[in-house]
Amino acid sequence: LLKANKQFPDHYLIMFDLANLMTFKTGEKQKGLELFAKCVQKLPMVDAAWSGLGSAYLLNREFDMAQKSFETSLAINPENTTSILGIGVIHFENANFKEARKYYEKSISIDKASFWGNYNIALLNLLEGDDETGWESYEKRDKSQFLNKYGGSAIQEIFKKDISKNSNQKIVILREQGVGDDIMFSRYLRPLKNLGYDVTYACPPDLKEFLRLSPDLDDVKLTSEIADTKVFDYRAFLMSLPWLMSGVQKPRLKNPLKIDLSRLKEKDLKIKTSVKKLVNSKKLKIGLAWSGSPKHLRDFCRSIDIDLLKNIFEIPNVEFFTSSKLKHDINSHFNPPGLTNFIGVVQVENDISAIRGLNFPPFGTSLEKSCVMYVDDQYFLSTNTPVSFTWRPDKITREADLQGIKYKVDTIVI
């Protein structure tokens, strides 16, 4: 699509498809917004173009412009469900839940099978404490995408009416969301085991050893993949468990998953020497996640301006660490991160590969750049391509996407 857009920059369908891809899949929400804006300039009487523009403004948290775009779309086509839902989401984000519900229900009156209509109502019901209706509605979500991604479609799905005590049937629980939801909803595995099921949880590979720290999961088998689907009687998704077991217990469990830190053996931790040196102090060490993935649809709702946390950083006897991405573009002003091996230091530059401030006393380069990158005889920084920085104690990772090619550079001080 990028190549086609470059060759045919005013082609409506190419712009529209690329805008959808950037806005909803790749996390390039600002570029998607700009393409949707070109779409409405090209064909201003197409309601889908305006609803797409409204969605892009919404994901960029420009609510006023989103509202106007959705209203324009509805003036052309009063039954555009994307625009109806969009206005509902604006009300939801402003905590006007009654109005949000009106628009969600209106979208379902037009399209009873509306995924986002049913999904948003489910979340609204859960938020307002209506667990029974909320979890039942949540079961209408699209599960097929996770079956395609993680497997398990050959195993029979279990439903609420199938849940029974002392059956000793083998059931595999599938993941579907991020690591945070996996940890939070793992608390439902033990109650399922207590009903008499032989439970296997197909968890993310990176999470398996962490979950072994929980005594709540001692009798639950943990695996990273489903090797043999024939051994299981049923399958279920982790986030379906509150609804599936609601006939025998309350959907909302108060107690979190228990973690026994005495099970954590330091010798089993693979920590680089450079990292150990950096954290070798008696201060309390806290890892801080202040920014979400830019590819997430609600990234702007899940991230926070780090300046708002400056008072927290002043807490005495505490060291904060973060590996969240910093993104630099032509409008950004920040001092890029640096590294040390406690003999010398280096600072990365705002392009994809360059370094500066390389100082190993008594030798130093001051702020002179080196390792600069050229692409097709053009200095990389002059292309105004955004660069994402991820700082870790032992390395800095820089990532960028230029002309459809993804670049990734790790900078390490040995």
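## Helix packing around α4 and selected residues

Helix α4 passes α5 in a crossing that is left-handed. This belongs to a predicted model, in which the axes of α4 and helix α5, the latter covering residues 63-76, come within 8 Å and cross at roughly 165°. Since angles over 145 degrees count as roughly antiparallel, α4 and α5 are therefore roughly antiparallel to each other. On the α4 side, the residues that take part are Asp47, Trp50, Ser51, Leu53, Gly54, Ser55, Tyr57 and Leu58, and they meet Phe63, Met65, Ala66, Ser69, Phe70, Thr72, Ser73 and Ile76 of α5. Sorted by class, the residues of this contact of α4 with α5 comprise nine nonpolar, six polar and one charged.

With α6, helix α4 packs at an angle of about 20°, the axes being 9 Å apart. That angle makes α4 roughly parallel to α6, and the crossing of α4 and α6 is left-handed. Here Ser51, Ser55 and Leu58 of α4 meet Thr82, Ser83, Gly86, Val89 and Ile90 of α6, and the contact of α4 with α6 divides by class into three nonpolar, five polar and no charged residues.

Helix α2, which spans residues 12-26, packs with helix α4, residues 47-59, at an angle of about 25°, and the axes of α2 and α4 lie 11 Å apart. It follows that α2 is roughly parallel to α4. The crossing of α2 and α4 is left-handed. In this contact Tyr12, Phe16, Thr23 and Phe24 of α2 meet Ala48, Ala49, Ser55, Ala56 and Leu59 of α4, so that, counted by class, the contact of α2 with α4 has seven nonpolar, two polar and no charged residues.

| Helix pair | Angle between axes | Distance between axes |
|---|---|---|
| α2 and α4 | about 25° | 11 Å |
| α4 and α5 | roughly 165° | within 8 Å |
| α4 and α6 | about 20° | 9 Å |

Ala95, a residue other than glycine, has a positive phi near 60°, and its place is the loop between α6, residues 81-93, and α7, residues 97-110. Ala95 has a relative accessible area of 54% and is therefore exposed, exposed residues being those over 50%. Asp376 likewise is not a glycine and has a positive phi, of about 55°; Asp376 lies in the loop between β12, residues 374-375, and β13, residues 378-379. With a relative accessible area of 66%, Asp376 is exposed.

Two further residues illustrate how sequence separation and spatial distance can be read side by side. Lys38 belongs to helix α3, residues 29-42, and is partly exposed at a relative accessible area of 45%. Between Lys38 and Pro215 there are 56 Å in space, C-alpha to C-alpha, and the two are 177 residues apart in sequence. Asp228 lies in the loop between β3, residues 221-223, and β4, residues 234-237, and is partly exposed with a relative accessible area of 36%. The C-alpha atoms of Asp228 and Ile155 are separated by 9.9 Å, while the two residues are 73 apart along the chain.

For the chain as a whole, the secondary structure amounts to 17 helices and 16 strands, and the C-alpha trace spans about 75 × 65 × 45 Å along its principal axes. Of the 414 residues in the chain, 41% are buried. Where contacts between residues at least 6 apart in sequence are considered, 57% of them join residues at least 24 apart. The chain exposes about 24100 Å², and carbon and sulfur atoms supply 53% of that area.

Conventions:
Residues are numbered from 1 along each chain as its sequence is written. This is a predicted model: local features need pLDDT of at least 70, side-chain atom pairs count only at pLDDT 80 or more; totals for chains, interfaces and linings use all residues. Side-chain values use heavy atoms; hydrogens and water are left out. Axes are lines fitted to C-alpha atoms, for helices over the stretch in contact, and angles run from 0 to 180 degrees between N-to-C directions. Helices (H or I, at least four residues) and strands (E, at least two) are DSSP runs, numbered from the N terminus. Angles under 35 degrees count as roughly parallel, over 145 as roughly antiparallel, 65 to 115 as roughly perpendicular and the rest as oblique. A crossing is left-handed if the near helix is turned anticlockwise from the far one by less than a right angle, and right-handed if clockwise. Contact means heavy atoms within 4.5 Å. Buried means under 20% relative accessible area, exposed over 50%, partly exposed in between (1.4 Å probe, protein chains only). Accessible areas come from the Shrake-Rupley method with a 1.4 Å probe; for residues, only the protein chains shown count as cover.
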